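Please open the structure in a viewer and follow the stops below in order. Each stop gives a selection and then what is found there.

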Amino acid sequence: MRERLKSLRRRSLRLLPLAALCCLLSDCGGGAQSPLSPAGLEAESINRLWWLMFYVCSAVFVLVIAAMLLAVLHARRVRERTAAELTATDKPLLKPAGAQEQRMRAVVIGALAVTVVILFVFLIASFLTGRAVTAPLTSEQNALTIEVTGHQWWWEVRYVDADASRMFTTANEIHIPVGMPVLVKLRSSDVIHSFWVPNLQGKKDLIPGKPAQVWLRADKAGAYRGQCAEFCGMQHAKMAFVVIAEPFEQFDAWRKSQQRTSNAPATAMQQRGQQVFLSAPCIMCHTIRGTQAGAAVAPDLTHLASRNTIAAGTLPNRRDELASWILDSQSIKPGNHMPPNNLSAEDLQALLDYLESLK
Amino acid sequence: MRDTLKIIVTSLLVASLVTLLSCKRETRDFRGNPAGVRSNTVSQSVLQPGSNTPPVKTKNPDEENAYALSEGKRLFDWYNCSGCHAHGGGGMGPPLMDAKWIYGDDPANIYATVAEGRPNGMPSFRQKIPDAQIWQLVGYVRSLSGQVRSDVAPARDDHMRSGEAPAETTPEKPQKSGLPKSAERVP
């Protein structure tokens, strides 16, 4: 009884890594940041390539292990037989190179040929996938063009339009219409970053001084998390953004609201908050369209309250988080370029009132 | 013989490990509170009433810190200092890489220039640029004419250069008091 229990325990211990692997794999499916749940044209073809490679490699792995086990068992049988024959004849036994040797040669050559074929299939498949994910989806005039600039450590997002008055800038949140080809033009203002929304597209590096571009087409509505995928300094991990794919009407409404200049302060507190913003260091780096603030080195705050997160996906956009960010962002994201601000309690509350009114 | 060799090798290894301990990373101060007090006493001119007192020398801890100087360099562009002073060569504003200091070369003087502004175009940045960042800018401005140690000064530039990078600049000997260009032209 005890023996059985012990062996059972041993067996379950052996199964543990397998169970862990299963848990890990089950986590891969779904989620707002996963190449395994594609929501767009390009991600779909990357996903197909992945599953092709996964299934073929799994099959090869199982076959190789099976062949090895067979060889081990076979060798043991041969050794036992040889030993028996040796004791019988008392002479070293020389194996004749006969039909068996030829059979083995055929197996090795066959395996080699299959390997070469598989590698060629992979080569062609990955070449075709590469072509598919970089191919222009439409002409540049017909696409929705978005310029994304990587900064240490946030994303500047600018919607390009033939009519200059319809262009606008936002940060860390990209809205796109479902089913429409989007051309994302990439630039970096400082070091190398990489633009990666796993659910929609592969990675694309942003190299300073070298403009790059990717095409996207979201086929399913949803919010997809993106992340800088090239180490770019201290806060590389906290350089996220979100791509929100929505029906065209919704997107168009959002675009129209973003094109407006900022809301004028409605209450006395908001008015005071605006004055705080314009007289404190805020004005040196940020833009709020419709006011005197027009600096372009930090995120555009014209419609800050419409965004879901602050500090490039670091914090939810709530009043308390915003307050702690303004007062001492260095305790949240050390090394970022926003200096601590020593505001009085009333000034801070007024500023928060104002920022929350920037819908 | 072999034992002696072993002892020598081991002690060398230990010694090199101990040396590694002294490789300390330079502290990076993100909140802008470097140790040391900065004097805000500024002597604007060599001319003064009363007996001759020696000019005040200020020490700016940021000039000893490569991170602070590189931040100063970044801010120099961010706050558009380069819009008037170019990258040290001057334009609408006076050059900063030469030996002439119209309002003094002491860090406290440069701080006062940035914070309070100067006649004929230099705006006042008090309340607009946080104090700690002004000191970083001061350090960078002094590095342009080689007034800081070359191992902490920025060693490369991303922009078109009008001269060497601060780390390679031959130090200029600051002249006690330069005069504004407008004053120089007066016969």
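This is a predicted model: local features need pLDDT of at least 70, side-chain atom pairs count only at pLDDT 80 or more; totals for chains, interfaces and linings use all residues.

**Stop 1**

Select the five strands that form an open sheet in chain A; their order is S3-S2-S1-S5-S8, and the pairing is mixed. Colour S3 (168-171) and S8 (212-216) of chain A separately: these strands stand at the edges, each with a single partner strand, so one side of each has no neighbour in the sheet. On average, neighbouring strands here are turned by 25° against each other, direction ignored.

Now keep S1 (residues 144-151) and S5 (residues 182-188) of chain A, which pair in the parallel sense over seven bridges. For one of the residue pairs, pick A:Ile146, whose bridge partner in S5(A) is A:Val184.

**Stop 2: two helices in chain A**

Next, select H7 (residues 319-328) and H8 (residues 345-356) of chain A, which pack with their axes 10 Å apart at an angle of about 120°. The two helices, H7(A) and H8(A), are therefore oblique to each other, and H7(A) passes H8(A) in a right-handed crossing.

Show the side chains at the contact. From H7(A) come A:Arg319, A:Leu322, A:Ala323 and A:Ile326, and they meet A:Leu348, A:Leu351, A:Leu352, A:Leu355 and A:Glu356 of H8(A). By class, the residues of this contact are seven nonpolar, two charged and no polar.

**Stop 3: chain B**

Switch to chain B, which has six helices and zero strands, in the sequence pattern α-α-α-α-α-α. Of the 187 residues in chain B, 29% are buried. Among its contacts between residues at least 6 apart in sequence, 67% join residues at least 24 apart.

Technical notes: Residues are numbered from 1 along each chain as its sequence is written. Chains are lettered from A and ligands numbered from 1 in the order in which they are written. Helices (H or I, at least four residues) and strands (E, at least two) are DSSP runs, numbered from the N terminus. A residue is buried if 20 or more other C-beta atoms lie within 10 Å of its own, exposed if 12 or fewer, and partly exposed in between; C-beta atoms are placed from the backbone. Two residues are in contact if their C-beta atoms, placed from the backbone, lie within 7 Å. Axes are lines fitted to C-alpha atoms, for helices over the stretch in contact, and angles run from 0 to 180 degrees between N-to-C directions. Angles under 35 degrees count as roughly parallel, over 145 as roughly antiparallel, 65 to 115 as roughly perpendicular and the rest as oblique. A crossing is left-handed if the near helix is turned anticlockwise from the far one by less than a right angle, and right-handed if clockwise. Ala, Val, Leu, Ile, Met, Phe, Trp, Tyr, Cys and Pro count as nonpolar, Asp, Glu, Lys and Arg as charged, and the others, Gly among them, as polar. Two strands pair if DSSP finds at least two bridges between them.
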